[in-house]
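Open the model in your viewer and keep the selection tool at hand. We will go from stop to stop, and at each one you will hear what to select and what is there.

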Amino acid sequence: MTTSLTHRIPRRVVASALFAVASSALLWSSAANAADAPTVIRIGSPDLGTAGKPSVSAGPLTVLQSNKWLEQEFAKDGIKIEWNFFRGAGPVIAEGLAAKQLDVVFLGDLASVIGRARGLPTKYIFASGRGSNSYLATAPGVDIKTVADLKGKKISVLKGTAYQRPFDNLLASAGLTEKDVKLINLDWPSSKTAVVAKEIDATFGGSDLFLLKDKGVNIPISTKGRGAEFKIDAGVLATEDFIAKYPEVTARLVKQLVRAAHFASQESNREAFIKLSVEHSGNPELGIRSELEGENLKERFSPLIDDDLVADYQRVVDEGLKLGLIRQAYNVKDWFAPQFVLQAVKDLKLENFWTELDAQGKAIKVKAK
């Protein structure tokens, strides 16, 4: 008769061995899971806040950041969310991407296009805002009423950011170029200080400039209603390396972004969204209200990477080449990674909430099944 091996080995030894095998399997599984997730997600954004409140300004990312939805989503995995805000905006963020110090970034259209044209390995994963406007704020006592009045004036624009393209197009509408003005490259906080102190004649930027109206600063010119070439889109990019290593994490991150876009897109949330944006960014309520007045929030904050969005960015590339802001074109369509938004929209059951647009900005009719 053959004797069982377990009968010849003490049970406690067998139990210990089985426990060791199980523990090893658990440790291997944990190590495998750890390899599929980062310890930290490093997010970079221009600092669009004021009054000492670092912010991504009014949009889905404000909803995301203020509610700490990313922190809640990844807490169970021990993944830390690291927010980094840069006064130097796009150019400084590009340096962070090049040095592999950032994983996910929020950028306006021109800044992201410049980075990609220069070879930064990014993918566009989420549309965070479409068609925002720009404003010209003039120093107290400076008489500027029309674009033509800008000739010879000392004006600040933060170069390499989304505002440079509409500013150049604004000049062109009056037959001017950057050479016809005394262009000063200043970050946004420094520009505000300089225009209030009358060190410059005017500064060009976002709706946060309304903060200066009580200091004698006027806002005589905006790009609102001037056409597509004056509009600014913004989006979220992730490095190709981050997406390749952590596709599931990327998908979960985009799902929270889409959730935030859904909140910001609802007309019933307009007042709550404005209040949240003011409190979180320190930016003036008048500016945010002026920016969103008459805007269809569902169109403004649609996260869909559709043909309309691709056409917008192709326009930025084309105009960037024409204006000398970039030197090399690239395949715009291949830059986008729409699969994450598509999956998030499906998971959140929002397939019929936003309208997909064609390259001419017209709604694409969904075929009945």
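Begin with the charged side chains: the count comes to 18 salt bridges, where a salt bridge is a side-chain nitrogen of Lys or Arg within 4 Å of a carboxyl oxygen of Asp or Glu. The model you are looking at is predicted, so local features need pLDDT of at least 70 and side-chain atom pairs count only at pLDDT 80 or more, while totals for chains, interfaces and linings use all residues. Residues are numbered from 1 along each chain as its sequence is written, and side-chain values use heavy atoms, with hydrogens and water left out.

**Stop 1**

Select Lys145 and Asp143. Their side chains meet in a salt bridge, 2.6 Å from N to O, and both residues are exposed. Exposed means over 50% relative accessible area, buried under 20%, and partly exposed in between, with a 1.4 Å probe and protein chains only.

Next, pick Glu73 and Lys76. In this salt bridge the closest N and O atoms are 4.0 Å apart. Which of the two is buried or exposed? Glu73 counts as buried because its relative accessibility is 17%, whereas Lys76 counts as exposed at 64%.

Now move to Glu267 and Arg270, whose side chains form a salt bridge of 2.6 Å, N to O. Glu267 is partly exposed at 49% relative accessibility, and Arg270 is buried with a relative accessible area of 15%. For a network, select Glu73, Lys76, Asp77 and Arg252 together: salt bridges that share partners join them into one.

**Stop 2: an open sheet**

Switch to the cartoon view. The protein chain has 16 helices and ten strands; these are DSSP runs, helices being H or I with at least four residues and strands E with at least two, numbered from the N terminus. Select S7, S6, S8, S5 and S9, in that order, and you have an open sheet of five strands with mixed pairing. Two strands pair if DSSP finds at least two bridges between them. Strand S7 (182–184) and strand S9 (218–222) stand at the edges with a single partner strand each, so one side of each has no neighbour in the sheet. From one strand to the next, the twist averages 25 degrees.

Zoom in on strand S8 (residues 202–205). Ala202 and Phe204 point one way, Thr203 and Gly205 point the other way, and all are buried. In a regular strand the side chains alternate between the two faces of the sheet.

What are the neighbours of S8? Strand S5 (residues 135–138) pairs with S8 in the antiparallel sense over four bridges, and Leu136 stands opposite Phe204. Strand S6 (residues 154–156) runs parallel to S8 and is joined to it by two bridges.

Axes here are lines fitted to C-alpha atoms, for helices over the stretch in contact, and angles run from 0 to 180 degrees between N-to-C directions.

**Stop 3: the nonpolar cores**

Which residues touch the most other members of the largest nonpolar core? Select Ile41, Ile125, Phe126, Leu150, Leu253 and Val258 to see them, out of 68 residues in that core. A nonpolar core is a set of buried Ala, Val, Leu, Ile, Met, Phe, Trp, Tyr and Cys residues joined through side-chain atoms within 4.5 Å. Helix H10 (residues 247–265) gives the largest share of this core, eight residues. Another core lies apart from it, with 27 residues, among them Phe86, Leu110, Ala117 and Val310.

Stay with Phe126. Leaving aside neighbours within four places in sequence, its contacts (heavy atoms within 4.5 Å) include Pro60, Leu61, Val236, Leu257, Val258 and Val341.

**Stop 4: two lysines with positive phi**

Select Lys68, in the loop between helix H3 (60–67) and helix H4 (69–75). Its phi is near 55 degrees, a positive value in a residue other than glycine, and Lys68 is partly exposed at 47% relative accessible area. Finish at Lys349, in the segment after helix H16 (339–347). Phi of Lys349 is also near 55 degrees, and this lysine counts as exposed at 68% relative accessibility.
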